[in-house]
Amino acid sequence: MEERLQKILSQWGVASRRGAESLIQAGRVSVNGAIAELGQKADPQRDRIQLDGRELTNRDRPPAYYGLLNKPLRTMSTCHDPQGRRTVIDFLPPSLQHDSGIHPVGRLDYNSTGAILLTNDGDLTYQLTHPRHHIAKTYRVIVRGQPSPDIIKRWQQGVRLDDYQTTPADVRILSSSKSSGQTELEVVLWEGRNRQIRRTAELLGHPVKQLHRLSIGPLQVGNLKFGQIRLLASHELKQLQGIVMNTADVRNVTE
């Protein structure tokens, strides 16, 4: 059966769908000897698919990997950084750092810490990062100053950032200190706009001093030390897949 090349490559663990698109756009993928184009389809049972001249088959697919990293500060949420900065891939065992197809799901700012999922399951990555799937992500945020109840309410209701309105969020004060001039918040988001928490806090007059992601859906960073990775338990993976399926079902019903 024919499928889009980027989907095939992500299913085989070569890269995420976005990464596979980049490979195709770079002219590194060919089908039956011809350089492939973005959007092209292929039949894995019939067509010869190559990456950098090396033939790929489903048999090359590496074992599925699902790990949760507690990302440290000053770490890029990418597979490679042109400036040579540390990436989340550097925390994998050496045997998994190359040719495993493992990549981060979504992003966490260079100066933010906490939970980030690493996998080579391109389909799951696609589903988790698709805007139709609203998975709760919980953050511990320290901001400058003492936000008033009105400010907290504005944050909860959503604010306008550039050309879009953020969706409502759960925001509550955990502690506040006039002497230190800062407030600790718990923020729960169901969307993942670019630097959304930092930009919202800045807009509301309380810039972020620290930002740590505690959880992604059912995945809790818990007692993991910075830089440590743990494999997902089978029940966690099932929960995550169930959330994706359920939110897709809701979408289908409401459309």
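Trainee: What is the order of the strands in the open sheet of 4 strands?
Mentor: The order is β3-β2-β5-β6, and the pairing is antiparallel. The edge strands are β3 (34-35) and β6 (54-56), each of which pairs on one side only. Two strands count as paired if DSSP finds at least two bridges between them. Helices (H or I, at least four residues) and strands (E, at least two) are DSSP runs, numbered from the N terminus.

Trainee: How far may I trust the model, and how are residues numbered?
Mentor: This is a predicted model, in which local features need pLDDT of at least 70, side-chain atom pairs count only at pLDDT 80 or more, and totals for chains, interfaces and linings use all residues. Residues are numbered from 1 along each chain as its sequence is written, and side-chain values use heavy atoms, with hydrogens and water left out. The pLDDT is the predictor's confidence in each residue, from 0 to 100. The protein chain averages a pLDDT of 89, and 96% of the residues score at least 70.

Trainee: Which element has the lowest mean pLDDT?
Mentor: That is helix α6 (residues 234-254), with a mean of 71, whereas strand β7 (residues 66-71) has the highest, 98. Over residues 249-255 the pLDDT is below 50, and beyond near neighbours in sequence this stretch has 1 contact in the model. Contact means heavy atoms within 4.5 Å.

Trainee: Back to the sheet. How many bridges join β2 and β5?
Mentor: They pair over 3 bridges, in the antiparallel sense. Val-29 stands opposite Leu-51 in β5.

Trainee: Which residues of helix α2 are buried?
Mentor: In α2 (residues 17-25), they are Arg-17, Ala-20, Leu-23 and Ile-24. Buried means under 20% relative accessible area, exposed over 50%, and partly exposed in between (1.4 Å probe, protein chains only). Seen down the axis of α2, the buried residues fall within an arc of 110°, so they line one face of the helix. The arc is that of the directions from the helix axis to the C-beta atoms.

Trainee: What covers the buried residues of α2?
Mentor: The cover includes α1 (5-11), β2 (29-31), β5 (49-51) and α3 (122-129). The face turned away from the buried side carries the exposed residues Arg-18 and Gln-25.

Trainee: Now strand β14, please. Why is it described as largely enclosed?
Mentor: In β14 (residues 182-189), 6 of the 8 residues are buried, so the rest of the structure largely encloses this strand. Strand β10 (residues 137-144) runs antiparallel to β14, joined by 8 bridges. Strand β13 (residues 170-177) is also antiparallel to β14, with 7 bridges.

Trainee: What is the bridge partner of Val-143 in β14?
Mentor: Val-143 has Thr-183 as its partner, and Thr-183 is likewise the bridge partner of Ser-176. In the hairpin of β13 and β14, with 4 residues between the strands, Gly-181 takes a positive phi near 70°.

Trainee: Which residues of α4 are buried, and what do they pack against?
Mentor: In α4 (residues 149-157), Ile-151, Ile-152 and Trp-155 are buried. Seen down the axis of α4, these residues fall within an arc of 100°, so they line one face of the helix. They pack against β13, β14 and α5 (196-203). On the other side of α4, Pro-149 and Asp-150 are exposed.
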